[in-house]
Amino acid sequence: MNHAKFYAVIVVFTALLVGCARNAPIIDTQGVNMALYQQDLAQCQAISTQVDTGGKVAGGAAGGAIVGGAIGAVLNGSQGAQKGAGVGAISGAARGAASGKQEQQRVVKNCLRGRGYRVLN
């Protein structure tokens, strides 16, 4: 496996791990009915799935391919452009996935605040 493919596998694997991690918001539990909170949290998490993470991944990949291709072309002509575009696309997709995940977490926190919880993080 050449170096570019190896790094690509690492980036994709990292993006998948980040995507699977679901950080629950930290709330002030004083006076909170935890059974009701768990229901509200599940509902808010379901609402957060409406965030278009696929669009963020695709946009990140496209932007990364353009930048990576341009840098690769400057450094090594057409071969560099192809390799740079590939690496840039993978890197951009990972950034897009992370951005989508952050937006989902923001939606969950705002939803909980709207339901009267004191979100601390």
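Val74 sits in helix α3 (residues 53–114) and counts as exposed at 70% relative accessibility; exposed means over 50%, buried under 20%, and partly exposed in between, with a 1.4 Å probe.

This is a predicted model, where local features need pLDDT of at least 70 and side-chain atom pairs count only at pLDDT 80 or more. Residues are numbered from 1 along each chain, and side-chain values use heavy atoms, without hydrogens and water.

Next comes helix α2 (residues 34–48), whose 15 residues reach 20 Å from first to last C-alpha, close to the 21 Å expected at 1.5 Å a residue. Its buried residues include Tyr37, Asp40, Leu41 and Cys44. Asn33 caps the N-terminal end of α2, with a side-chain oxygen 3.0 Å from the backbone nitrogen of Ala35.

The whole structure holds 2 salt bridges, each being a side-chain nitrogen of Lys or Arg within 4 Å of a carboxyl oxygen of Asp or Glu.

| Salt bridge | Closest N and O atoms |
|---|---|
| Asp28 with Arg118 | 3.2 Å |
| Arg115 with Asp40 | 3.0 Å |

Arg115 lies in the segment after α3 and Asp40 in helix α2, so this pair ties together parts 75 residues apart in sequence. Asp40 is buried, at 11% relative accessible area, whereas Arg115 is partly exposed at 34%.

Key. Helices (H or I, at least four residues) and strands (E, at least two) are DSSP runs, numbered from the N terminus. The expected span of a helix is 1.5 Å times one less than its number of residues. A polar contact is a pair of N or O atoms within 3.5 Å; within protein, one must be able to donate a hydrogen and the other to accept it, and residues adjacent in sequence count only if both atoms are side-chain atoms.
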